[in-house]
Amino acid sequence: NYTAMETPNQIQLTEKDKVRYRKEIEQVDLEIEQEIMKRIPDKLDMLMGSSHLDNAQLQLVQDVAKLYQFLSTFPLQSIELRQKILFALQYFIDPDDEIPDSIPKLGFLDDAAVVRWIIDDIIDDNREIIQA
């Protein structure tokens, strides 16, 4: 379902994945925002507490922190934008997503791919707001 990129630790979403995720994003209920925002710091701490973070995991931590900060700092008028960010953060905190987080070395690769895809997507759509 995922295709490997040049670096062995990174995976990329296929078009099929993106289509499926876009449908899921449209279904995101904005009411989950507070619950998601409450759970992000613990999940980040847990990930950072694990020994030997690889580059993909370090990037994931930075990307999630960016989305978290963006959502908590800016009053976002765009429902679609909030849904995208919440989708990525919800995916990150779900331990049983496509590749369960408990699988060593691989567990967070899908999270990294989803979060990075959303960040790239947001940056493309909002160049004037974000100086990434």
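These legends go with a set of close-up views of one predicted model.

Residues are numbered from 1 along each chain as its sequence is written. Because the model is predicted, local features need pLDDT of at least 70, side-chain atom pairs count only at pLDDT 80 or more, and totals for chains, interfaces and linings use all residues, while side-chain values use heavy atoms, with hydrogens and water left out.

**View 1. Confidence along the chain.** The score here is pLDDT, the predictor's confidence in each residue, from 0 to 100. The chain averages 86. At least 70 is reached by 86% of the residues. Helices (H or I, at least four residues) and strands (E, at least two) are DSSP runs, numbered from the N terminus. Confidence is highest in helix 1, at 96. It is lowest in strand 1 (residues 2-4), at a mean of 47. Over residues 1-8, pLDDT stays under 50. The model has 20 contacts for that stretch beyond four places in sequence. A contact means heavy atoms within 4.5 Å.

View 2. Helix 4 covers residues 79-93, 15 residues in total. From its first C-alpha to its last it reaches 21 Å, close to the 21 Å expected at 1.5 Å a residue. The expected span is 1.5 Å times one less than the number of residues. Ser78 caps the N-terminal end of helix 4. A side-chain oxygen of Ser78 lies 3.4 Å from the backbone nitrogen of Glu80. Buried means under 20% relative accessible area, exposed over 50%, and partly exposed in between (1.4 Å probe, protein chains only). Among the buried residues are Leu81, Ile85, Phe87, Tyr91 and Ile93.

View 3. Gln83 sits in helix 4. Its relative accessible area is 11%, so Gln83 is buried. Leaving aside neighbours within four places in sequence, Gln83 is in contact with Ile25, Glu26, Val28 and Leu30. The C-alpha atoms of Gln83 and Ile32 are 9.9 Å apart, although 51 residues separate the two along the chain. Lys84 also counts as buried, at 10% relative accessibility. The side chains of Lys84 and Glu80 meet in a salt bridge (3.7 Å, N to O). Lys84 and Glu80 are four residues apart in helix 4, so about one helical turn separates them.

View 4. Side chains of opposite charge can pair when their charged atoms come close. A salt bridge is a side-chain nitrogen of Lys or Arg within 4 Å of a carboxyl oxygen of Asp or Glu. The structure holds 11 of these. One of them joins Lys38 and Glu35 (3.6 Å, N to O). Both residues lie in helix 2 (residues 33-49), three residues apart, about one turn of the helix. Lys38 is exposed, with a relative accessible area of 60%. Glu35 is partly exposed, at 39%. Another salt bridge links Arg116 and Asp63 (2.8 Å, N to O). Arg116 lies in helix 5 (residues 109-125) and Asp63 in helix 3 (residues 55-73), so the pair ties together parts 53 residues apart in sequence. Arg116 is partly exposed, at 27% relative accessible area. Asp63 is buried, at 1%.

**View 5. Helix 3 and what covers it.** Helix 3 has 19 residues. It reaches 26 Å from its first C-alpha to its last, close to the 27 Å expected at 1.5 Å a residue. Asp54 caps the N-terminal end of helix 3, with a side-chain oxygen 3.1 Å from the backbone nitrogen of Ala56. The buried residues of helix 3 include Leu60, Val64, Phe70 and Leu71. What covers the buried residues includes helix 2, helix 4 and helix 5.

**View 6. Leu67 in the largest nonpolar core.** A nonpolar core is a set of buried Ala, Val, Leu, Ile, Met, Phe, Trp, Tyr and Cys residues joined through side-chain atoms within 4.5 Å. The largest one has 38 residues, of which Leu67, Leu89 and Phe92 touch the most other members. Strand 2 (11-13), helix 1 (15-26), helix 2, helix 3, helix 4 and helix 5 each give two or more residues to this core. Helix 5 gives the most, with 10 residues. Leaving aside neighbours within four places in sequence, Leu67 is in contact with Ile85, Ala88, Leu89, Val115, Ile118, Ile119 and Ile122.

Notes:
Polar contact = N/O pair within 3.5 Å; in protein donor to acceptor, adjacent residues only side chain to side chain.
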